[in-house]
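Please have the sequence and the 3D view side by side as you read.

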Amino acid sequence: MASSKQNGPTTASGKSELRSPKPTSENRDESELLTVPDGWKEPAFSKEDNPRGLLEESSFATLFPKYREAYLKECWPLVQKALNEHHINATLDLIEGSMTVCTTKKTFDPYIIIRARDLIKLLARSVSFEQAIRILQDDVACDIIKIGSLVRNKERFVKRRQRLIGPKGSTLKVRKVVLDTMKNIHPIYNIKTLMIKRELAKDSELRSQSWERFLPQFKHKNVNKRKEPKKKTVKKEYTPFPPPQPESQIDKELASGEYFLKASQKKRQKMEAIKAKQAEALSKRQEERNKAFIPPKEKPVHLKKPKEASTETKIDVAALKEKVKKAKNKKLGALTAEEVKLKMEADEKKKKKK
């Protein structure tokens with residue numbers, strides 16, 4: 001029998017007891033292990049890392065809309081050339097409207113098929129070849145966010161989607177910004193936070209500290225008030241008992257006594273009710289016609305009494321006549337009594353001298 005080796009000393013029960021290694025000078029501080037030196041880049045995955053290749057073939061397929069057919073047919077040779085460098089086969093089926101990528105025996109990178117899948121998804125979603133081919137690089141990633149079901153109202157959806165579209169159709173590249181925008185939070189708030197974080201990351205002293213005191217705190221305010229209905233329905237008080245059953249036609253006839261009448265009597269009552277309704281309608285019509293012949297009510301005329309002339313405002317007629325005569329004499333050039341006497345005396349003196 002082969003004896004099993006144990007890594008540590010055994011106890012009385014025969015079980016091995018594991019002990020943690022003693023701290024040596026090789027053990028480094030945790031803060032040093034977490035920090036990444038400036039300018040460091042992860043080495044690219046090469047064939048030497050996986051010389052035997054992949055065990056099984058993997059493939060992905062995606063559909064594309066009809067309007068992308070002409071563009072894909074034009075740029076498909078470039079897509080095949082870029083994927084052949086990574087030993088990935090790509091096929092374009094114009095009949096089914098699909099694109100397929102699959103690995104080969106020469107493929108050594110196990111993650112390249114995921115990047116090729118993202119490439120055909122981006123091409124199907126109207127991303128240009130120049131931008132989509134960058135997904136094959138190790139330091140580039142993509143995230144496809146389905147925003148169609150986030151907002152029910154179509155007008156609100158179009159307005160909020162317009163906030164995400166940047167210059168020349170380029171969209172924002174942060175998932176949180178996109179999702180918050182569809183929740184009616186403007187992207188400027190998240191973009192400002194990202195700008196502050198980028199500036200703080202440049203400071204080596206602040207990398208290991210909390211940035212909450214530097215980041216702005218935005219409160220979401222819902223401006224749109226809920227519209228209240230015009231007719232408010234008042235809820236009735238809950239009762240465990242069901243509502244009373246409505247009376248049937250037979251019950252109503254039994255209560256009024258019509259149930260026991262003969263058919264001829266019932267017919268006579270119906271005719272009388274119809275005639276009463278007709279007479280009432282006829283009287284209403286006659287009243288409306290007679291309204292046109294009723295004269296409107298005239299307002300009573302109140303005669304005003306002549307006002308008596310006050311004693312203070314009485315006019316002296318004799319004085320007024322004298323003023324009128326004087327005015328006429330002045331207008332006609334007549335002389336006054338004194339002027340007449342003086343003229344007569346002057347005439348007499350002339351006669352005596354002669």
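The structure holds two aromatic pairs, where a pair means rings of Phe, Tyr or Trp (its six-membered ring) with centres within 6.5 Å, called stacked if the planes are under 30 degrees apart, edge-to-face if over 60 and tilted for the rest. One of them is stacked, because the ring centres of Phe-45 and Phe-108 lie 6.4 Å apart with their planes at 10°. Phe-45 belongs to the loop between α1 (30-34) and β1 (59-63) and Phe-108 to the loop between β3 (98-103) and α3 (112-124), so this pair ties together parts that are 63 residues apart in sequence. Helices here are DSSP runs of H or I with at least four residues, strands are runs of E with at least two, and both are numbered from the N terminus.

Buried stands for under 20% relative accessible area, exposed for over 50%, and partly exposed for values in between (1.4 Å probe, protein chains only).

Tyr-259 and Phe-260 also form an aromatic pair, this one edge-to-face, at 5.6 Å centre to centre and 90° between the planes. Tyr-259 is partly exposed at 42%, and Phe-260 is exposed at 64%.

A word on how to read all this: the model is predicted, so local features need pLDDT of at least 70 and side-chain atom pairs count only at pLDDT 80 or more, while totals for chains, interfaces and linings use all residues. Residues are numbered from 1 along each chain as its sequence is written, and side-chain values use heavy atoms, with hydrogens and water left out.

Now turn to the strands. Strand β3 is largely enclosed by the rest of the structure, because five of its six residues are buried. What does β3 pair with? It runs antiparallel to β1, joined by five bridges, and it pairs with β2 (residues 88-93) in the antiparallel sense over six bridges; strands count as paired if DSSP finds at least two bridges between them. To find your place in the view, look for Ser-59 opposite Cys-102 in β3, and for Ala-90 opposite Val-101 in β3. Strands β2 and β3 form a hairpin with four residues between them, and Gly-97 in the turn has a positive phi of about 75°.

Next come the charged side chains. In general, side chains of opposite charge can pair when their charged atoms come close. How many salt bridges does a search of the whole structure find? There are three, taking a salt bridge as a side-chain nitrogen of Lys or Arg within 4 Å of a carboxyl oxygen of Asp or Glu.

Arg-117 is partly exposed at 24%, whereas Asp-118 is buried at 12%.

Lys-66 and Glu-69 form another salt bridge, at 3.1 Å from N to O, and Lys-66 is exposed with a relative accessible area of 66%. In the bridge between Glu-199 and Lys-202, the closest N and O atoms are 3.6 Å apart. Glu-199 is partly exposed at 45%, and Lys-202 is exposed at 59%.

Helix α7 (residues 187-201) also holds Asn-190, which is buried at 13%. Which residues does Asn-190 touch, leaving aside neighbours within four places in sequence? Its contacts are Lys-176, Val-177 and Asp-180, a contact being heavy atoms within 4.5 Å.

Finally, step back to view the whole chain. Its secondary structure comes to 11 helices and three strands. Of its 354 residues, 16% count as buried. Among contacts with a separation of 6 or more, residues 24 or more positions apart account for 46%. The chain exposes about 33400 Å², with carbon and sulfur atoms supplying 54% of it; such areas come from the Shrake-Rupley method with a 1.4 Å probe, and for residues only the protein chains shown count as cover.
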